[in-house]
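This briefing looks at how the parts of one protein chain meet. The sequence and model are shown first, and the notes on the interface follow.

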Amino acid sequence: MKTQVCIIGAGPAGLMLSHLLHLQGIDSIVLENRSRADIESTIRAGVLEQGTVDLLNETGLGDRMIAEGKEHEGIYLQFSGQRHRINMKELTNGKSIMLYPQHEVIRDLVAKRLENKGDILFNVSEVNLYDITSFTPKITFEYEGELQELSCDYIVGCDGFHGPSRKAIPDNECKEVQHVYPFGWLGILAETQPVSPELVYAYHEKGFALLSTRTSNVQRHYIQVDPNDKIENWSDDRIWSELHERVRTNDGWTLNEGPIIQKNIVSMRSFVCETMRYGNLFLAGDSAHIVPPAGAKGLNLAVADVQVLAKGLAELYQNGNEELLNCYPEICLRRVWKAQRFSNWMTNMLHRNQNYSQFEHGIQLAELDNVTSSQHHSASLAENYVGLPLSFDTNNHKLVYQ
Ligand code: RFL
Ligand code: PHB
């Protein structure tokens with residue numbers, strides 16, 4: 001087997017990259033170790049930045065998102081029993097976010113790739129990378145009971161934090177930094193009506209809570225728990241009781257309950273692999289970086305990475321110009337570090353840290369007070385939340401980015 005670009009992983013990064021390459025006339029094959037049904041039903045992100053929404057629309061993937069997603073113009077920050085609205089649209093000259101679940105984006109991408117006769121091989125196993133510093137890198141894998149070999153010009157590792165791509169870079173050549181938080185999120189899907197017109201991020205002495213949404217009948221909520229806690233310790237009644245307490249407001253607002261149809265606990269880390277290119281292997285999305293979810297940035301960063309990469313590969317294949325491709329790590333890492341800063345700031349501002357002194361808890365409340373009462377500070381939150389712009393000046397083969 002042979003292709004121009006071999007993509008490992010059919011998450012948002014891998015599927016979007018293969019779609020963008022197809023639009024530029026570049027061949028790719030996507031290798032995915034799970035089934036189509038599995039990737040199309042795994043519950044993960046919910047918030048799409050303005051730039052992600054624009055890209056989906058501009059590349060023919062926006063129809064269902066526009067019909068079924070919900071545009072949100074603001075978010076609420078809650079503390080001391082009071083809710084404060086951040087009007088993101090007003091503070092960012094008209095930008096907003098879209099509530100449209102990640103697995104629906106995946107469904108749209110898979111359908112479009114298959115409609116365009118794209119190659120996605122599901123249920124592959126034993127994926128191994130070879131000769132990644134040569135001009136013809138190779139991948140071997142098992143597919144339908146047979147060992148296969150695929151050679152290509154470039155391999156792109158879009159295989160998430162635990163995938164094999166990053167591990168193919170020799171340890172002494174791979175620059176990684178990590179920060180682990182003492183917080184976990186218990187997430188639920190509940191069959192109820194929406195509880196708020198916009199997302200509520202709540203700080204409470206008992207811990208953070210987030211009210212989000214999926215559809216008009218299914219809501220997505222989270223509460224901060226110990227990252228080592230077990231889901232068996234959380235009965236539905238206990239979850240509702242904690243949620244009620246953490247999001248109740250002084251004016252008597254209360255939460256709608258409903259049957260919980262899914263619950264799980266995730267831990268939280270910030271991670272950056274600064275070696276986003278090694279030879280002819282590129283890393284994109286969660287394989288190169290992880291952000292804690294309070295900033296809602298992970299999927300959006302993955303999409304931004306592959307936008308830069310697809311443009312760089314197109315410049316190379318169409319014009320023989322390698323400049324942009326060579327700048328891929330530099331361009332992405334600048335954005336990644338800004339998203340790390342924002343996600344770390346949101347996380348620390350909103351979670352209850354047992355190791356904090358009374359003084360530090362006081363500062364945390366003052367930070368929330370400041371961001372909700374100062375226009376300068378809420379504008380900075382809004383600008384980062386809707387997503388920093390990414391634009392290309394292709395006439396000069398230069399990139400304008402922030
Ligand atoms: P993915 O989505 O993890 O996809 C990687 C794919 O690679 C496959 N794979 C392999 N394939 C072949 N061979 C192997 N050996 C393989 N190993 C792995 C996997 O099966 C998978 O299909 O990475 P990608 O594409 O980089 O996308 C990243 C996003 O999924 C992730 O950042 C977001 O879900 C993070 N995230 C959020 N991001 C947002 O932008 N907005 C949000 O609102 C948001 N909320 C969240 C989140 C993540 C969460 N969790 C579960 C940590 C909320 C939560 C709770
Ligand atoms: C979600 O809806 O899953 C969601 C929303 C906002 C976040 C994280 C997750 O910050």
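Domain bounds come from an automatic or database domain assignment. In this predicted model, that assignment gives domain 1 (5-76 + 89-178 + 269-401) and domain 2 (181-266). The centres of domain 1 and domain 2, taken over C-alpha atoms, are 26 Å apart.

**Extent of the interface**

- On the side of domain 1, 32 residues are in contact with domain 2, and 24 residues of domain 2 take part.
- The size of an interface is often given as the accessible area lost when the parts come together.
- Between domain 1 and domain 2 about 2,400 Å² is buried, with 62% of it on carbon and sulfur atoms.
- Tyr76, His351 and Arg352 account for 30% of the area that domain 1 buries against domain 2, more than any other three residues.

**Polar and charged pairs**

- Eleven residue pairs, both members at pLDDT 80 or more, are in polar contact across the interface of domain 1 and domain 2.

**The domain 1 side**

- Two or more residues on the side of domain 1 that touches domain 2 come from each of β5 (74-79), β17 (260-273), α11 (328-350) and α12 (358-373).
- Of these elements, α11 gives the most to that side, with six residues.
- By class, the side of domain 1 that touches domain 2 holds 17 nonpolar, eleven polar and four charged residues.

Conventions. Residues numbered from 1 in each chain as written. Chains lettered and ligands numbered in written order. Predicted model: local features only at pLDDT ≥ 70, side-chain atom pairs only at ≥ 80, totals over all residues. Heavy atoms only, no water. Contact = heavy atoms within 4.5 Å. Buried area = accessible area lost by both parts, 1.4 Å probe. Polar contact = N/O pair within 3.5 Å; in protein donor to acceptor, adjacent residues only side chain to side chain. Helix = DSSP H or I, 4+ residues; strand = E, 2+ residues; numbered from the N terminus. Nonpolar A, V, L, I, M, F, W, Y, C, P; charged D, E, K, R; others polar.
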